Amino acid sequence: GYIRCGMLVRLENGVTKQTLRLVQDVLENQFIIALPMIHQDNIMSFQLVVSSIFDLDPTLKKIESLDGVRSAEVFIPQRGRMHQDWILREIDQRVKVSEKHRSS
């Protein structure tokens, strides 16, 4: 029931660490898993796990509206090897943390 996808975020030249943190915060708050994979020069790459493909568009627009972000795009890989046990364990752990925060 989960979809694995990637997101590339292109940044303006001279972007601040605050912008990098804002992008990370938006993704961590919206998705079950948002792992930064690469951050080089003006590109950030994330691996995401989402429960619905429809969750991507509003988040994409939110990230694109941040100061210092030039563009953002989402891609869904056609093929790829996943360690399903790791993904499921990580999803369970993140759901528990999320439920704990909501009940507080």
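**Reading burial, contacts and helix packing**

User: Lys61 counts as exposed at 52% relative accessibility. What cut-offs stand behind exposed, partly exposed and buried?

Analyst: Buried means under 20% relative accessible area, exposed means over 50%, and partly exposed lies in between, with a 1.4 Å probe and protein chains only. Lys61 is therefore exposed at 52%. This is a predicted model in which local features need pLDDT of at least 70 and side-chain atom pairs count only at pLDDT 80 or more, while totals for chains, interfaces and linings use all residues. Residues are numbered from 1 along each chain as its sequence is written, and side-chain values use heavy atoms, with hydrogens and water left out.

User: How is the packing of two helices described?

Analyst: Two packed helices are described by the angle between their axes and the distance between the axes. Here the axes of α1 (residues 17–30) and α2 (residues 56–64) come within 10 Å and cross at roughly 165 degrees. That makes α1 roughly antiparallel to α2. The axes are lines fitted to C-alpha atoms over the stretch in contact, with angles from 0 to 180 degrees between N-to-C directions. Under 35 degrees is roughly parallel, over 145 roughly antiparallel, 65 to 115 roughly perpendicular, and the rest oblique.

User: Which residues make the contact between α1 and α2?

Analyst: From α1 they are Val23, Val26, Leu27 and Gln30, and from α2 they are Thr59, Lys62 and Ile63, where contact means heavy atoms within 4.5 Å. By class, this contact has four nonpolar, two polar and one charged residues. Nonpolar covers Ala, Val, Leu, Ile, Met, Phe, Trp, Tyr, Cys and Pro, charged covers Asp, Glu, Lys and Arg, and the others, Gly among them, are polar.

User: Is Thr59 buried or exposed?

Analyst: Thr59, in helix α2, is buried because its relative accessibility is 3%. Beyond its neighbours within four places in sequence, Thr59 touches Val26, Leu27, Gln30 and Phe31. The Thr59 side chain also reaches the backbone oxygen of Asp55 at 3.2 Å.

User: What does Leu11 contact outside its sequence neighbours?

Analyst: With neighbours within four places set aside, Leu11 contacts Leu20, His39, Asn42, Met44, Gly68, Val69 and Arg70. Leu11 belongs to strand β1 (residues 3–11) and is buried at 0% relative accessibility. Gly68 is 57 residues from Leu11 along the chain, yet their C-alpha atoms are separated by 5.7 Å.

User: Where is Val15, and what does it contact?

Analyst: Val15 is in the loop between β1 and α1. Its relative accessible area is 23%, so Val15 is partly exposed. Apart from neighbours within four places in sequence, Val15 is in contact with Leu20 and Gly68. The C-alpha atoms of Val15 and Asn42 are 7.9 Å apart, across 27 residues of chain.

Terms used:
Helix = DSSP H or I, 4+ residues; strand = E, 2+ residues; numbered from the N terminus. Polar contact = N/O pair within 3.5 Å; in protein donor to acceptor, adjacent residues only side chain to side chain.
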